[in-house]
Amino acid sequence: MNIYLLEQYIKSLKKEDIYNYALKEGVTLDNSELDIIFNHIKKDYKTIIYGNVRGVLNEIKSEVKPLTYSKIENLYERFKDRI
């Protein structure tokens, strides 16, 4: 994936984009979870895509509800080979 395009996408990403995608995937995020996920995406997107994501996932796991974390992990597994 072109890093420049990815960076531009991440810069333009809004919390409502994440919230709407979560709803589409059957997850309702509370404001705290939305903030946590948004901040991790903005801060850790390179690690999520190119590095060892386990550290980021472990941080998120301790910060969100178990059901939300389970869905995040499932989505990552589903999409990791596409990026």
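Biologist: Does E33 count as buried or exposed?

Modeller: Bear in mind that this is a predicted model. E33 sits in helix α3, which spans residues 31-50. The cut-off for burial is under 20% relative accessible area. E33 has a relative accessibility of 2%, so E33 counts as buried.

Biologist: T68 is among the residues touched by E33. Is T68 buried or exposed?

Modeller: T68 is placed in helix α5, residues 66-79. Apart from neighbours within four places in sequence, T68 has contacts with V27, L29, E33 and I37. Its relative accessible area is 5%, and because burial means under 20%, T68 is buried.

Biologist: How far apart in space are T68 and G26, C-alpha to C-alpha?

Modeller: Along the sequence, 42 residues separate T68 and G26. In space, the C-alpha to C-alpha distance between T68 and G26 is 9.9 Å.

Biologist: Which residues does K71 touch, not counting those up to four places away in sequence?

Modeller: K71 also lies in helix α5. At 25% relative accessibility, K71 is partly exposed. K71 and G26 are 45 residues apart in sequence, with their C-alpha atoms 8.8 Å apart. With residues up to four places away left out, K71 touches E25 and V27.

Biologist: What does the side chain of K15 make a polar contact with?

Modeller: K15 belongs to helix α2 and is partly exposed, at 34% relative accessibility. Beyond its neighbours within four places in sequence, K15 is in contact with L34, D35 and F38. One of these contacts is polar, at 2.5 Å, and the partner is the side chain of D35.

Biologist: What separation do the C-alpha atoms of K15 and K42 have?

Modeller: The two residues are 27 residues apart along the chain. The C-alpha atoms of K15 and K42 are separated by 10 Å.

Biologist: Within what arc do the buried residues of α4 fall, seen down its axis?

Modeller: The buried residues in α4 are V56, L57 and I60. They line one face of the helix, because seen down the axis of α4 they fall within an arc of 95°. An α-helix has 3.6 residues a turn, so residues three or four places apart point the same way. The arc for α4 is 95°.

Biologist: Is N58 buried or partly exposed?

Modeller: N58 lies in helix α4 too. Its C-alpha atom is 9.4 Å from that of Y69, eleven residues away along the chain. The relative accessible area of N58 is 41%, so N58 is partly exposed.

Biologist: Which residues are closest to the centre of the largest pocket?

Modeller: The largest pocket has a volume of about 1000 Å³. Its lining has 31 residues, and the elements that give two or more of them are α1, α2, α3, α4 and α5. Closest to the centre of the pocket are Y21, I41, I48, L75 and F79.

Biologist: How many residues of that lining are nonpolar?

Modeller: The lining of the largest pocket also holds two polar and five charged residues. The number of nonpolar residues in the lining is 24.

Notes
Residues are numbered from 1 along each chain as its sequence is written. This is a predicted model: local features need pLDDT of at least 70, side-chain atom pairs count only at pLDDT 80 or more; totals for chains, interfaces and linings use all residues. Side-chain values use heavy atoms; hydrogens and water are left out. Helices (H or I, at least four residues) and strands (E, at least two) are DSSP runs, numbered from the N terminus. Buried means under 20% relative accessible area, exposed over 50%, partly exposed in between (1.4 Å probe, protein chains only). Contact means heavy atoms within 4.5 Å. On a 1 Å grid over the protein atoms alone, a cavity is a set of points where a 1.4 Å probe fits but cannot get out, and a pocket is an open set with protein on both sides within 12 Å along at least five of seven lines; lining residues have an atom within 4 Å of a point. Grid points are joined across faces, edges and corners, and a volume is the space filled by probe spheres set on the points. Ala, Val, Leu, Ile, Met, Phe, Trp, Tyr, Cys and Pro count as nonpolar, Asp, Glu, Lys and Arg as charged, and the others, Gly among them, as polar. The arc is that of the directions from the helix axis to the C-beta atoms. A polar contact is a pair of N or O atoms within 3.5 Å; within protein, one must be able to donate a hydrogen and the other to accept it, and residues adjacent in sequence count only if both atoms are side-chain atoms.
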